Amino acid sequence: MSNTPMAASPLNRAVLEIDEYASGLGWDQPARLFALVDTARLRVQEPGLAAQLGLEDEQATIGLTPIEQDEIPAGKPLDEFLGTIAWPDSVVGCALTVERLMLPPSAEASVPEGLSGKKLTQWVAAHPDRQEVRMTVGVLRDGARDSALRLREKDAPTEVLTGAGLVPGLAEALSATFAD
């Protein structure tokens, strides 16, 4: 995609490519799961698929190609769903994009005691300092991680935060999909 930085790592470029794709779909979208495959290997082993994805003329010899997977089942908790995934050896990594409500750290002290589940979700949704955020997290089999965060109120490619440690819990859950 056009807005991904050329100097970034292949994982960072893939995460930003997925973020840009999700941005083009708009907000209020379901979570989306992607397999990450080695682009050069894909062109050699699956030339038909590479052509379908528009990769046959790619000049880059290194890189990752995100391939969107089937829709995540609605109503199933994300952590339960991720626990059911097993990837074939040809998949070198995976990524997930998901929208959530987020509160600033200053709001933690005001969380009422004993709230959990739906009641906590309702409380966060009604909080005046809540932010809608789209998180895109990618991990590789070798342990590499990267993330992109986009706030709905600052929805522009130049306002996307990136970093390996932005969403550690989700990165851990995605890494677990590669455990034997």
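Trainee: Where is Ile 85 found, and why is Ile 85 called buried?

Mentor: In this predicted model, Ile 85 is found in the loop between α4 and β3. Its relative accessible area is 16%, and buried means under 20%, so Ile 85 counts as buried.

Trainee: Which residues is Ile 85 in contact with, leaving aside its neighbours within four places in sequence?

Mentor: Those are Leu 33 and Thr 177. As for Ala 125, which is 40 residues from Ile 85 along the chain, the C-alpha atoms of the two are separated by 30 Å.

Trainee: Let's turn to Thr 177. Where is Thr 177 found, and is Thr 177 buried or exposed?

Mentor: Thr 177 is in the segment after α6. With a relative accessible area of 3% against a limit of 20%, Thr 177 is buried. Setting aside neighbours within four places in sequence, Thr 177 is in contact with Leu 82, Ile 85, Ala 86, Trp 87 and Cys 94.

Trainee: What does the side chain of Thr 177 reach, and what makes that a polar contact?

Mentor: The side chain reaches the backbone oxygen of Leu 174 at 2.6 Å. A polar contact needs N or O atoms within 3.5 Å, one able to donate a hydrogen and the other to accept it, and the 2.6 Å between Thr 177 and Leu 174 is within that distance.

Trainee: Trp 87 came up there. Why is the pair of Trp 87 and Phe 178 called stacked?

Mentor: Compare the two values with the cut-offs. The ring centres of Trp 87 and Phe 178 lie 6.2 Å apart, with 25° between the planes. Rings pair if their centres lie within 6.5 Å, and planes under 30 degrees apart count as stacked, so this pair is stacked. The pair links distant parts of the chain, with Trp 87 in the loop between α4 and β3 and Phe 178 in the segment after α6, 91 residues apart. Both residues are buried.

Trainee: How many aromatic pairs does the structure hold?

Mentor: The structure holds two. Tyr 21 and Phe 34 also form one, at 6.0 Å centre to centre and 90° between the planes.

Trainee: One last topic, the nonpolar core. Which residues have the most contacts inside the largest one?

Mentor: Leu 33, Trp 87, Leu 96, Leu 170 and Leu 174 do, in a core of 25 residues. Elements that each supply at least two of its residues are β1, α4, β3, β4 and α6. Leu 170 touches Leu 78, Leu 82, Leu 96, Val 98 and Val 137, not counting residues up to four places away in sequence.

Terms used. Residues numbered from 1 in each chain as written. Predicted model: local features only at pLDDT ≥ 70, side-chain atom pairs only at ≥ 80, totals over all residues. Heavy atoms only, no water. Core = buried A, V, L, I, M, F, W, Y, C linked by side-chain atoms within 4.5 Å. Buried < 20%, exposed > 50% of the residue type's maximum accessible area, 1.4 Å probe, protein only. Helix = DSSP H or I, 4+ residues; strand = E, 2+ residues; numbered from the N terminus. Contact = heavy atoms within 4.5 Å. Phe/Tyr/Trp six-rings, centres within 6.5 Å; stacked < 30°, edge-to-face > 60°.
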